[in-house]
Amino acid sequence: MSVSQERKRLHPHKFTMWVALASIVMMFAGLTSAYIVKKANSQWIEFELPTVFWYSTLTIILSSVTMHLSIKSFKAREMSRYRALLGLTTLLGIAFVVLQFIGFGKIEEGGMPLFGYDSNPSASFVGIIFGLHGLHVLGGVIALIILFLRAYIGNRKVYSSTGIEIMGTYWHFVDLLWVYLFIFLNWM
Amino acid sequence: MDHKMIAKQFLITGMVWAIIGGLMSVLFRFQLGYPEAEFHWMKDLLGKWVNDKGQITAESYYSLVTIHGTVLVFFVLTAGLSGTFANLLIPLQVGARDMASPMLNMLSYWFFLAASLVMLSSIFVETGPFSGGWTAYPPLSALASAQPGSGVGMDLWLIAMALFVVSSLLGGLNYIATILNMRTKGMSMTRMPLTIWALFFTAILGVLSFPVLLSGFILLIFDRNFGTSFYLSDIFIATNNVGALPNEGGNAVLYQHLFWFLGHPEVYIIILPAMGMVSEVMAVNSRKPIFGYMAMIGSLFAITVLAFLVWAHHMFVTGLNPFLGSIFVLLTLLIAVPSAIKVFNWLTTIWRGSIRFTPGMLFAIGFVSLFISGGLTGIWLGNSALDIHLHDTYFVIAHFHIVMGVAGMFGMFCGIYHWYPKMYGRYMNNTMGYIHFWVTMIGAYLIFWPMHYEGLAGMPRRYYDYSQWESFKQFIELNKFISLVAMIVFAVQLLFLFNFFYSIFKGRRVRSQNPWGATTLEWTTPINPGHGNWVGEIPEVHRWAYDYGKDGQEFIPQTTPVGANETNHH
């Protein structure tokens, strides 16, 4: 397929990722708008988010840094450094998801069940919004694991950085999305 | 994985759904036209959907209406329409060998097929499919015990719709990326045919509005299965011994906001591809450039922006703040401006053209007629004061069937007849095409025009039997008439189906590479294009898509370089 004669700006797959991110933004915009509408109703119970979410915030920001460094080392062809940083990013991603679960547990311990008939929408929203974000992180973690395994097992040498750059865009996005959601649910 | 094959898969799956959905409408028109009649043969055919007297039961009537709406809006006029023509036309008309990601494209179809199979299976479950209307408002959709169809039927409906949303998103991402990144040399944005512009805006609408629907569905799933109270409040259910619900503080109107934030853009997701194809087919068959090319793009853009700002006009009677309502009235009525620009430009395009009345062209003209008739009643309904009287009546049914339903189908027929030679290398039969057009066109008006009067007289929609009300007895004969015409129109669609499948094998062969004398790139490919579309290099584009009747030449293809003495369009 003669790709060269087709006009190229951004790589089509990279562009597709950006449009997909816009789509995910709309999904969370829908949920946070619903949150605002719902909050105006009576029977809304206010509660504080447990401190463990601060640790998860720190974790995911750190993972963005390691992701960034990992792409840098890939481009510099320092492959062992790249692999180590990629592995570290994956571990931090897993740690984030675990911390989120601990956070959910703490909310329930505080007498605010997330789901079930005695739940209040204020807690259910946290469950759904953070849960859905967590699923997106988990999807990223799976992609990271695949990249990581490829870097170790694959015999073929990969020189194109497109794949890893798309991964990086997505990873920074879920990080940024988390910061937004955290600020939103903490102070709105 | 070839885009042309995926287009055909979308088209044929969409056609299967159109038959199922159309047949459902014939069945419930039986009930509406002949509520007293006893059709014992239906009992043998449909089993428990029909009671012992030979009438459709109330539950199955509601199921039929619900599934008819769902499949026609989403499976036929969204997947069947933009799925088919975006896949077929985007690579061919922008000059690309395939989509940006053929893999995503294939996944998009398989998700659609999975959604189709789940929805189909819901028709056959013991308690019947979902029956609370295609909009699936809570509490009927949120409480499994509300109606027979709210249990398993609703679960399957939600799964099918979630799969469908994934399919649309994957498709939409790909369409946008292909249009922006894969255009051939010389194909600047303002040289693209209007079909591509329309499909581009359609994809943007889909990508930005379907995720919000998904959010709404996620909350609904949790209300149904995990005891949350997003939509459900402590309402009291008298039937099935549910008693008062333990939920507190739910808000059913919240669902309506989330639903219509997609729901309104959805009608433009249906109509924009039809508009694009109609523009293209009209220019080709009038042998004239499209009138006001930039105005056409501008009005598509205006419609796309406004589409996101008018959702609450579906909710004027939900207790919406009247001040807020007045803003939505203003924004809604603003859509009349770009719509009128488009209609004006279509009429001026065919004005004094050398019109070739091919079946595709007839459907394009029919589309404009329907869009005018249906659009005008939109101005009525967009008024929050008038809407208090008209909402949930047959007036609404008439409005959206004409402007979106039938017009969308006309756009689809227009595209099928026009691009059939590109899809199968053969023509469809013209005589059958003309019969199909005239019966459908006249039939559509005969079915839906009288409904305006019924609606103005206050006849509400979604009722099983109107014969109990003195005030609606005047419509008994009229309803019979509508049902009769509906059956005839449905029968003619079978003729179209026959024509379609017969012509694949026995239709007249296409002999020339460019049978319509069109300027666009799809007609520079071989008659039966293989994978990769062009045999050699992808052609370079030198001019816009509408050089018809220029400098005494009948048409100049986009691939012809601009001559020395020639003035370029831009």
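Mentor: Read along the sequence, chain A follows the pattern α-α-α-α-α, which amounts to five helices and zero strands. Helices here are DSSP runs of H or I with at least four residues, strands are runs of E with at least two, and both are numbered from the N terminus. The model is predicted, and local features need pLDDT of at least 70, side-chain atom pairs count only at pLDDT 80 or more, and totals for chains, interfaces and linings use all residues. Residues are numbered from 1 along each chain as its sequence is written, chains are lettered from A and ligands numbered from 1 in the order in which they are written, and side-chain values use heavy atoms, with hydrogens and water left out.

Within chain A, helix α3 covers residues 79-109. Its 31 residues should span 45 Å at 1.5 Å a residue, and the end C-alpha atoms are 45 Å apart, which agrees; the expected span is 1.5 Å times one less than the number of residues. An α-helix has 3.6 residues a turn, so residues three or four places apart point the same way. After α3(A) comes G111(A), with a positive phi near 85°.

Turning to chain A as a whole, its C-alpha trace spans about 60 × 35 × 25 Å along the principal axes. Of its 188 residues, 49% are buried, that is, under 20% relative accessible area, against over 50% for exposed and in between for partly exposed (1.4 Å probe, protein chains only). Contacts (heavy atoms within 4.5 Å) in chain A between residues at least 6 apart in sequence join residues at least 24 apart in 81% of cases.

The accessible surface of chain A is about 9500 Å², and carbon and sulfur atoms hold 68% of that area; such areas come from the Shrake-Rupley method with a 1.4 Å probe, and for residues only the protein chains shown count as cover. Chain A carries 15 positive and 9 negative charges, whose mean positions are 19 Å apart. Lys and Arg count as positive and Asp and Glu as negative, while His and the chain ends are not counted; each charge is placed at NZ of Lys, CZ of Arg, CG of Asp or CD of Glu.

For context, chain B has 15 helices and four strands. Its C-alpha trace spans about 85 × 45 × 45 Å, and 64% of its 570 residues count as buried.
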